[in-house]
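Please look at the sequence and the model shown here, and keep both in view while you read.

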Amino acid sequence: MKSATQSRLIVAVLLVASSMASGVEPAAYDWPDFLGPHRNAKSTETGLNWDWPTDGPPIVWQAPLGIGYSQPTVSRGRLIHFDRYGDVARLTCRDALTGEELWTLDHPTQYDDLLGYNNGPRCTPLVDGDHVYTMSAEGILQCANFADGQREWQVDTRLKFGVVQNFFGVGGTPVVFEDFIIANIGGSPPDSPPDVYSGNVQGNGSGVAAFDKLTGEVRWQATDELASYASPVIATIDGRPWCFVFARGGLVSLDPRTGNVEFQFPWRARLLESVNAATPVVEGNEVFISESYGIGGALLRVRPGGFDEVWTDRDKRRDQSMMLHWNTPVVHNGYLYGSSGRHTGQAELRCVEWKSGRVMWSEPGLRWSSLVFVDDRLLCLSEDGTLRVLRPTPEKYDEVKVVSLRDKAGHKLLREPVWVAPVVANGRLYLRGANRLVCLDVAVAK
């Protein structure tokens, strides 16, 4: 009888062959986008192996990485990651099951972080059909061929739109909608200061821009908003598409087909260094946003041309319900689960009732953490590399398993900071630390 690993290998080979022949994305448990297929940190994969030994699931392969904070993506038997090596930003394609390098694509980079964080990419590679899209830390948007890595087009958004350097560079992963790739650009007029510390920065109508995904030509642009680090999301509400962008000044809702603005909801702390970084969470006709610099979270019920506030943390001086720094929360069965807190030592993993903002429980001591929902469980990866398996329940913090991955010498396998959310695809769990990418086998042998 074949093991699950053998079966998945056969399936992966067939998927790659069929997709190359047809150009159609196959139906599989792939992870082709930031935070998964629907940008909600959720996988539909079930029947995984949760009976791990004390040192964690078996390691299938691992690879050293350059610097960056980019989540890998998985599509049709391939894994794509984006990192910086010296003065080049490198897109790398690997066999998802073996780690074998298949191709690379480089472009020069001179990005230097204003606040001393690493100078690698922050945005996740995005796979759409036969193309891979990347956005570098200084704003180079490019399209590569999925099969061989050949560059198809490239746009320097910093030069094209006059983007003033932000605190941490470009951090929002663009999103594909139909024939467009949509990004939070946040350009400024030609006479603007060189960075956010050098003067008052204004917008120039390119807060959000849509590019033709096959040519890179600009199709529409809208708003004077500046860029944040949150990634745009697309949702279908009342039978039509909506695009939500949590920009620097607050939430922007647009029609992704035209760029027409439905509404803008100001949501930003007064502190100059405050940032909006958590991706909006959409559930039905409601959207949740949050930041960690003083005003916390807000839940809006949207309608054509406007919105209604369901609840917000605006008037809570101290105990905001959910203060997300950079991680995106998971909503499950009417409750939000996320890492709340501006500083890692104060961060608490929280469960919050979606409809009211009521805090159901808080678990301190986990440091900043990222969450992914899969197989009716939450995978919680803390910035120190500790991996936890949790049961998502509003009744209590329910920890099933805790694993600290180690190498053969007993050292931590994932070097801090571990700020990238886990990726689950086709029976494999992919974890990224500051120094390496690790592939773990979580498939059940049958």
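What follows is a walk through sheets, hairpins, aromatic rings and cores.

This is a predicted model, in which local features need pLDDT of at least 70 and side-chain atom pairs count only at pLDDT 80 or more, while totals for chains, interfaces and linings use all residues. Residues are numbered from 1 along each chain as its sequence is written, and side-chain values use heavy atoms, with hydrogens and water left out.

We begin with the strands. Strands of a sheet pair through backbone hydrogen bonds, in either a parallel or an antiparallel sense. Here strands are DSSP runs (E, at least two residues), numbered from the N terminus, and two of them pair if DSSP finds at least two bridges between them.

A run of hairpins comes next. Strand E2 (residues 73-75) and E3 run antiparallel and are joined by three bridges, with Thr73 opposite Ile80 in E3. Two residues lie between the strands of this hairpin, in which Arg76 takes a positive phi near 50 degrees. The charged end of Arg76 also sits over the ring of Phe146, 4.0 Å from its centre; for such a placement, NZ of Lys or CZ of Arg must be within 6 Å of the ring centre and within 35 degrees of the ring normal. Moving on, E3 is joined to strand E4 (residues 88-95) by eight bridges, and these two strands run antiparallel; the bridge partner of Leu79 in E4 is Arg94. The hairpin of E3 and E4 has two residues between the strands, and in it Gly86 takes a positive phi near 65 degrees. How many of the eight residues of strand E3 (residues 78-85) are buried? Seven of them are, so the strand is largely enclosed by the rest of the structure, where buried means under 20% relative accessible area, exposed over 50% and partly exposed in between (1.4 Å probe, protein chains only).

Another open sheet of four strands has the order E6-E7-E8-E9, with antiparallel pairing. Its edges are strand E6 (126-128) and strand E9 (151-156), each with a single partner strand, so one side of each has no neighbour in the sheet. E6 and E7 pair in the antiparallel sense over three bridges, and Asp128 stands opposite His131 in E7. Thr134 lies in strand E7 (residues 131-135) and, at 2% relative accessibility, counts as buried. Not counting residues up to four places away in sequence, Thr134 touches Phe82, Leu91, Pro125, Ile140, Leu141 and Gln142, where contact means heavy atoms within 4.5 Å. Val155 is found in strand E9 and, at 12% relative accessibility, counts as buried too.

The aromatic rings give another view. The structure holds 21 aromatic pairs, meaning that rings of Phe, Tyr and Trp (its six-membered ring) have centres within 6.5 Å; planes under 30 degrees apart count as stacked, over 60 as edge-to-face and the rest as tilted. Trp326 and Trp368 form an edge-to-face pair, 6.3 Å centre to centre with 80 degrees between the planes. Trp326 lies in the loop between strand E21 (306-312) and strand E22 (330-332), and Trp368 in the loop between strand E25 (359-364) and strand E26 (369-374), so the pair ties together parts that are 42 residues apart in sequence. Both belong to one aromatic cluster, whose members include Tyr69, Phe167 and Trp419.

Finally, turn to the nonpolar cores, which are sets of buried Ala, Val, Leu, Ile, Met, Phe, Trp, Tyr and Cys residues joined through side-chain atoms within 4.5 Å. Of the 49 residues in the largest core, those that touch the most other members include Trp52, Val74 and Leu429. Leaving aside neighbours within four places in sequence, Leu429 is in contact with residues including Leu379, Val424 and Leu440. Apart from this core lies another, of 17 residues, among them Trp242, Phe246, Phe263 and Ile295.
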